[in-house]
Amino acid sequence: MKNLDLKKNRLFIYVCFLGALYALLLFLSIRKNGFDLFDINFYLMIAFYIAFELVLVNLQTFIEKKFEEKEKKFDLILSAGMIISIISAGILNISNAMLLPLISFLFLKPKVLFSKNYHFFVFNTSMIGLLIFIVSKLFHWGSFIMKNILLSSIYVVVLSVFYTFFNFSFVFLFLYFFYNGSFKACVRQVFGEGRFFNSIFTSLNIFVVYFLYRLVGVSAIPITFFTIVSVQLGNYYATKYRNAKVDFLTVLTKSLEEKDSYTFGHGENVSKLAVKVAKELGFPDKDLKLIEIAGVLHDVGKIGIPDIILLKTDKLSFEEYEIMKEHSKKGYEILKNITEYKDTIAKWVLHHHERWDGKGYPDGLSKEDIPVVSRILTICDVFDALTSDRTYRKAWKKERAILFIEENSGVIFDPKIVKIFLSLVRSEY
């Protein structure tokens, strides 16, 4: 509790420091450079900044209502308003540019300033204002190359890299203090989920925007705005289409489990165990999501296995077992049709019945040749099967299943994964 209170106090000091520094630099800039009340570009940039922020928010709200996505969670994004911030730093009086985030956020989120979440308002306004100050100074120091359109556009990309670096640094400290997270977790939150690559994409956008601005003027910015909205909509619906495929396969997999009450929930159990093991092995968040899906869908190929074999209560004959073994290949054939999963989930599912000693199927791979996620799925699949009732036997006690896993370390299972898995299982049971 003391540690939590200490971090909250640090957050308060951190936000107050940023706010005070922003206010001081703004005051000194106005005193030195004045404030141009009649600069039409200043008002245009405010309008553009609000449009980039507000319209995208409304678009997201529309999408959530359309698809009935009511669950809300904290998400860290690198706003498209970054483009306007950097362009403003280059074309406006530094005092006008620094006022841009304050005026825009007063219009966008006035209630936040007077709520218990005021720190979000102060932090975002101060951080962006300070970043604009830094970029504006860099624009001034690089004025000797600004006459050349191409060179100046490349220089703006360099400035966007500086902007992104300081942006990530400020946000990292905020997350560390506010969410009481570990150093590693905060780094993952700042750079994970493709945010680093999104920042690179945004830098390329800035090159195009500034280059067009130098050619045709301010009218280049609205063009960019509609381009960004179009790209985001395209990405969103592409993701929705892919997720719809996964949801359909998940329903099919669960329908298989419902045919046999003894296997109901098997996919979800394997999924949860696999994610826990993968976390211990240090897999990044984006891979954990894929592993979660792979766990649920690892037996999806059983859709192609006749019910007379799938639901048989007696021991399978040699011929029947050979047919049953085809389910991993059938799962691969189904999942490879989802482009994003062809080289990940599909291959993991294909090899989840391989053995460490090379006596598994379908390809008889051994040791490190087996994809590591397939090795994780193997041990989780076997453990859940052993500790669950089946038509041909009662569930094993967990102690007996653990002994089986230990005895087959280096035979069926990867010894390294066995140690991690058993450590997790023993800590829970």
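A salt bridge is a side-chain nitrogen of Lys or Arg within 4 Å of a carboxyl oxygen of Asp or Glu. With that term in hand, select R355 and D357, which form a salt bridge whose closest N and O atoms are 2.7 Å apart. This is a predicted model, in which local features need pLDDT of at least 70 and side-chain atom pairs count only at pLDDT 80 or more, while totals for chains, interfaces and linings use all residues. Residues are numbered from 1 along each chain as its sequence is written, and side-chain values use heavy atoms, with hydrogens and water left out.

**The whole protein**

Begin with the complete chain in a cartoon view. The protein has 19 helices and 0 strands; helices (H or I, at least four residues) and strands (E, at least two) are DSSP runs, numbered from the N terminus. Of the 429 residues, 45% are buried. Here buried means under 20% relative accessible area, exposed means over 50%, and partly exposed lies in between (1.4 Å probe, protein chains only). Contact means heavy atoms within 4.5 Å. Among contacts with a separation of 6 or more, 70% are between residues 24 or more positions apart.

**Stop 1: the loop between α1 and α2**

Select D39, in the loop between α1 (2-33) and α2 (40-66). D39 is buried yet has no salt bridge, and the nearest side chain of opposite charge, R214, is 15 Å away. For charge, Lys and Arg count as positive and Asp and Glu as negative, whereas His and the chain ends are not counted. A polar atom of the D39 side chain lies 3.0 Å from the backbone nitrogen of N41. Not counting residues up to four places away in sequence, D39 touches L92 and N96.

Helix α2 gives the most to the patch, with 3 residues. F35 lies in the loop between α1 and α2, and is partly exposed with a relative accessible area of 34%.

**Stop 2: helix α3**

Select residues 81-91, which form helix α3. Because 9 of its 11 residues are buried, α3 is largely enclosed by the rest of the structure. The buried residues of α3 are G81, M82, I83, I84, S85, I86, I87, S88 and A89.

**Stop 3: T125 in helix α6**

Move to T125, found in helix α6 (residues 118-141). Is T125 buried or exposed? With 3% relative accessibility, T125 counts as buried. A polar atom of the T125 side chain lies 2.9 Å from the backbone oxygen of F121. Apart from neighbours within four places in sequence, T125 is in contact with Y22, P101, L102 and F105.

**Stop 4: the salt bridges**

How many salt bridges does a search of the whole structure find? The search finds 9 salt bridges. In general, side chains of opposite charge can pair when their charged atoms come close.

Select E333 and K336, whose side chains meet in a salt bridge (3.1 Å, N to O). E333 is partly exposed at 41% relative accessibility, and K336 is partly exposed at 29%.

Return to the opening pair: R355 counts as partly exposed at 24% relative accessibility, and D357 counts as partly exposed at 29%.

Next, select R375 and D414, whose side chains meet in a salt bridge (2.7 Å, N to O). This pair links distant parts of the chain, with R375 in helix α17 (residues 372-386) and D414 in the loop between α18 (398-407) and α19 (415-428), 39 residues apart. R375 is buried at 10% relative accessibility, and D414 is buried at 8%.

**Stop 5: H351**

Finally, select H351, in the loop between α16 (345-350) and α17. H351 is buried, with a relative accessible area of 9%. H351 and V373 are 22 residues apart in sequence, and their C-alpha atoms are 9.1 Å apart in space. Leaving aside neighbours within four places in sequence, the contacts of H351 include P362, D363, L365 and I370.

Methods. A polar contact is a pair of N or O atoms within 3.5 Å; within protein, one must be able to donate a hydrogen and the other to accept it, and residues adjacent in sequence count only if both atoms are side-chain atoms.
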